[in-house]
Amino acid sequence: MAYRFVLPIATAILGLLATQANAHTPVIGTSPKHGSILNQSPPSVEIRFRDPVRLTSVMAVEAGERERKLKFSPTDSAAKFKVTDPELGPGRVEIRWKALS
């Protein structure tokens, strides 16, 4: 079964559940890319911002499952964050985050 990995970037998609850093510090990239279809869980997930932010949480939302917190590094301000071995299940998965600029 293919894994569908979605990194919601648009504010409308994130809604009240996750707050993207303010408009002055946009996300400039993610790995895997938004909308990627994978055959297995990626070894890591990366989120890159234009300027340093303080990431406060990263969650995985899998179809039919409760939101699950993921550990990330670094834990202080940075422009690039990494979740190692997120252990994502099959099907659609959204990664949501909250950050302060």
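The side chain of Ser41 reaches the backbone nitrogen of Leu88 at 2.9 Å, a polar contact (a pair of N or O atoms within 3.5 Å; within protein, one must be able to donate a hydrogen and the other to accept it, and residues adjacent in sequence count only if both atoms are side-chain atoms). Ser41 and Leu88 are 47 residues apart along the chain, and their C-alpha atoms are separated by 5.1 Å. Ser41 is found in the loop between β3 and β4; strands here are DSSP runs (E, at least two residues), numbered from the N terminus.

This is a predicted model, in which local features need pLDDT of at least 70 and side-chain atom pairs count only at pLDDT 80 or more, while totals for chains, interfaces and linings use all residues. Residues are numbered from 1 along each chain as its sequence is written, and side-chain values use heavy atoms, with hydrogens and water left out.

**Aromatic cluster**

A search of the whole structure finds two aromatic pairs. Rings of Phe, Tyr and Trp (its six-membered ring) pair if their centres lie within 6.5 Å; planes under 30 degrees apart count as stacked, over 60 as edge-to-face and the rest as tilted. Phe49 and Phe81 have ring centres 6.1 Å apart and planes at 85 degrees, so this pair is edge-to-face. The Phe49–Phe81 pair links distant parts of the chain, with Phe49 in strand β4 (residues 44-62) and Phe81 in strand β6 (residues 78-84), 32 residues apart. Phe72 and Phe81 form an edge-to-face pair, 6.2 Å centre to centre, with 80 degrees between the planes. Phe49, Phe72 and Phe81 form one aromatic cluster.

Each of these three residues is listed below with its relative accessible area; buried means under 20%, exposed over 50% and partly exposed in between (1.4 Å probe, protein chains only).

| Residue | Relative accessible area | Class |
|---|---|---|
| Phe49 | 2% | buried |
| Phe81 | 1% | buried |
| Phe72 | 18% | buried |

**Nonpolar core**

A nonpolar core is a set of buried Ala, Val, Leu, Ile, Met, Phe, Trp, Tyr and Cys residues joined through side-chain atoms within 4.5 Å. The largest one has 18 residues, and those with the most contacts inside it are Phe49, Leu55, Val58, Phe81, Ile95 and Trp97. Strands β4, β6 and β7 each supply at least two residues of this core. β4 gives the most, with seven residues.

Leu55 touches Phe49, Phe72, Phe81, Trp97, Lys98 and Ala99, leaving aside residues up to four places away in sequence; contact means heavy atoms within 4.5 Å.

**Backbone features in the loops**

A cis peptide bond joins Ser31 and Pro32, with omega about -5 degrees. Pro32 is found in the loop between β2 (27-31) and β3 (37-38). Another cis peptide bond joins Ser73 and Pro74, where omega is about -5 degrees. Pro74 has its place in the loop between β5 (68-69) and β6.

Which residue in the loop between β6 and β7 (91-100) comes up for its phi value? Asp85 has phi near 50 degrees, a positive value in a residue other than glycine, and Asp85 is partly exposed at 47% relative accessible area. Glu87 is also found in the loop between β6 and β7. Phi of Glu87 is near 50 degrees, a positive value in a residue other than glycine, and Glu87 is exposed, with a relative accessible area of 55%.

Terms used. Helix = DSSP H or I, 4+ residues; strand = E, 2+ residues; numbered from the N terminus.
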